[in-house]
Amino acid sequence: MLQTPTGGAGSGTAAAGGRLMSIGGVLNQLREEFPEVTISKIRFLESEGLVEPRRTPSGYRKFSAEDVERLAQVLRMQRDHYLPLKVIREHLDALSRGEQPSVPAQGGPRELLDGLGEPGADRPTAARVGRAELMAAAEVTEAELAEWESYGLLTPGPEGGFDAESVNVARLVADLGRFGLEPRHLRAMKAAADREAGLVEQVVAPLRLHRNPQTRAHAEATTKELAALSVRLHAALVQTALGVRLH
């Protein structure tokens, strides 16, 4: 098993004898070191370009020993160095080219979570924003903000500030308003989001209570990954229902 992100292939996570493995076999191999890993996590990493398994004519994924070892490197760099996926991909690609780059500087929880989110998302960087800052960033009035609060679309914290994502929510609510969608129309979206959040919490709660401290440390990253997948699924379902493609 690899002990560092720059080490060679070992026996703990590699497919034996050069044979190709199904995604279920990969999951079993990885869980020896990463008990929190799931099939959706492996698929997510594939969608982000971290690994490129072969495909059978019928579309099934087949992973080589190198694929499995690369996945283990990704998971290890996330766990031990809190690195975003973009940085991990660049580091591993450099290794594949025969270079010997040093392990990138350790990030923090925010960098890790950003690496699991949607590419190119316009996120504010501050942890909290004040009321005036939110109105200025979203270009809305006090009356509009107060109405959105009354419908539960935005909720200030105990000290009156808003979390950073509230800026994006405010901008989106304002954009929808330009099409005639009022806050009362958006309550169904808020209710659906709350239900999706509840499902994510059901999955993450056991991780937060796990005896393994590394598993507990991954709870927030797993939450963000599941949130990103939920957003993608929601977008795909809306596009399917409307018969349109956004890109």
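Colleague: Against what do the buried residues of helix 1 pack?
Modeller: In this predicted model, the buried residues of helix 1 pack against helix 2, strand 2 (61-62) and helix 3.

Colleague: What makes helix 1 mostly covered?
Modeller: A residue counts as buried when its relative accessible area is under 20%, and six of the eight residues of helix 1 are buried, namely Ile23, Gly25, Val26, Leu27, Gln29 and Leu30.

Colleague: Why are helix 1 and helix 3 called oblique to each other?
Modeller: Helix 1 (residues 23-30) packs against helix 3 (residues 65-81) at an angle of about 45°, with the axes 11 Å apart. Angles under 35 degrees would count as roughly parallel and 65 to 115 as roughly perpendicular, and the two helices are therefore oblique. Their crossing is right-handed, and by class the contact has six nonpolar, one polar and no charged residues.

Colleague: Why are helix 1 and helix 2 described as roughly perpendicular?
Modeller: The axes of helix 1 and helix 2 (residues 39-47) come within 10 Å and cross at roughly 105°. That description covers 65 to 115 degrees, so the pair is roughly perpendicular.

Colleague: Which residues meet where helix 1 contacts helix 2?
Modeller: Ile23, Val26, Leu27 and Leu30 in helix 1 meet Ile39, Ile42 and Arg43 in helix 2, a contact with six nonpolar, no polar and one charged residues by class.

How values were computed. Residues numbered from 1 in each chain as written. Predicted model: local features only at pLDDT ≥ 70, side-chain atom pairs only at ≥ 80, totals over all residues. Heavy atoms only, no water. Axes fitted to C-alpha atoms, helices over the stretch in contact; angles between N-to-C directions. Helix = DSSP H or I, 4+ residues; strand = E, 2+ residues; numbered from the N terminus. Parallel < 35°, antiparallel > 145°, perpendicular 65-115°, else oblique. Left-handed = near helix turned anticlockwise from the far one by under 90°. Nonpolar A, V, L, I, M, F, W, Y, C, P; charged D, E, K, R; others polar. Contact = heavy atoms within 4.5 Å. Buried < 20%, exposed > 50% of the residue type's maximum accessible area, 1.4 Å probe, protein only.
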